[in-house]
Amino acid sequence: MKILITGANGFIGKNLIAELRNQKYTDILEFDIDTEPSLLDNFCKEADFIFHLAGVNRPKDQSEFMQGNFGFTSTLLDTLMKHKNKCPVMISSSTQAELDNPYGQSKKAGEELMFEYSKQTGAEVFVYRFPNVFGKWCRPNYNSAVATFCNNIANDLPIQVNDRSVVMNLVYIDDVVAKLINTLNDKANKADDGYCYVPVVHTITLGEIVDLIYSFKASRDERSVPNMADEFTKKLYATYLSYLPKDKFSYPLKMNIDDRGSFTEIIRTPDRGQFSVNVSKPGITKGNHWHHTKNEKFLVVSGKGVIRFRRVDSNEVLEYYVSGDMLEVVDIPTGYTHNIENLADTDLVTFMWASDPFNPDKPDTIFEKV
């Protein structure tokens, strides 16, 4: 199957092409504003399916809306008719096609042209009216508030919010691409009015979006992670990370270092506990404490050692030998005093999870030797 994509270098085009290739589609005909115009003739002759994503969003003159969104669509369809190619055509329109402004008028004109083309030729057309689309690779400071906010906040640049109460309807790029590929496979979501749609739409205020993005930025210092159970938060966080400066992918952690080794907290969450890395020097024993309610999981990832347990009302000592050569999680039950000893001549590195982030006011940690 030969797939023609207009607007191939745009936001949706780049993401669509990446996933098509991931799904082993190899015969992709890419056309964009800087493509040799004569290639369009051959592409329209050969194409088995067309994703018409090209369009104008921010022209220098408003007359370019009609030229870019209606004029090029007309050229595309005329070229298909010239070659008597009745392959299916998908076109990306906008919910603004319902509005009486130059951009909306140009999108509406493109839609009507597509429906008329279908009547004349019998070719199947898929008209998608997208709301605001967000995700990786969207151009900031252009026509996407989400892209602009993510980029500017990630790069310590100012943002301007005129009205925090403005309600946004958003679709995520991966959801868009999934539906476009479904359309390619004759599984489009088409409503009774003839328009196609992406079923997963997120509705949220501009102020809530900004607050979330600022919380993502603060999460490094707070060693927190966003609520990944919320679909929109998960998608927005993935989008935010794609705008990080190239020299800011990493960030330092506070290492608590002494002559025994180090202890470094990686992540703390209000409902999923605390994640840390513990390093013990050769011959060192750490721990010798127990908890009423707090419980832990230890995973030795490098070195060799032993974890010892004793229930605080018993004299029986239990031993679990652990090694980075055989990864296994050891649960630390409540009511058992416990320690971990490095038995090798190299550092013992242990990944630790605790059910509650450490709170100095309520440590729930009672020191008692095993």
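Phe309 is buried in this predicted model, because its relative accessible area of 4% falls under the 20% cut-off. Tyr336, at 23% relative accessibility, counts as partly exposed.

- Phe309 and Tyr336 form an edge-to-face aromatic pair, with 6.4 Å from centre to centre and 85° between the planes.
- Distant parts of the chain are linked here: Phe309 belongs to strand 15 (residues 304-311) and Tyr336 to strand 18 (residues 336-342), 27 residues apart.

**The pair Phe134 and Tyr172**
- Because Phe134 lies in strand 6 (residues 132-134) and Tyr172 in strand 7 (residues 167-172), the pair ties together parts that are 38 residues apart in sequence.
- Phe134 is buried at 1% relative accessibility, and Tyr172 also counts as buried, at 11%.

**An aromatic cluster**
- Phe49, Phe51 and Phe126 come together in one aromatic cluster.

**Charges over rings**
- Which residue lies over the face of Trp137? Lys136 does, at 4.8 Å from the ring centre.
- Arg139 lies over the face of Tyr142, at 4.1 Å from the ring centre.

Conventions:
Residues numbered from 1 in each chain as written. Predicted model: local features only at pLDDT ≥ 70, side-chain atom pairs only at ≥ 80, totals over all residues. Heavy atoms only, no water. Helix = DSSP H or I, 4+ residues; strand = E, 2+ residues; numbered from the N terminus. Buried < 20%, exposed > 50% of the residue type's maximum accessible area, 1.4 Å probe, protein only. Phe/Tyr/Trp six-rings, centres within 6.5 Å; stacked < 30°, edge-to-face > 60°. Lys NZ or Arg CZ within 6 Å of the ring centre and 35° of its normal.
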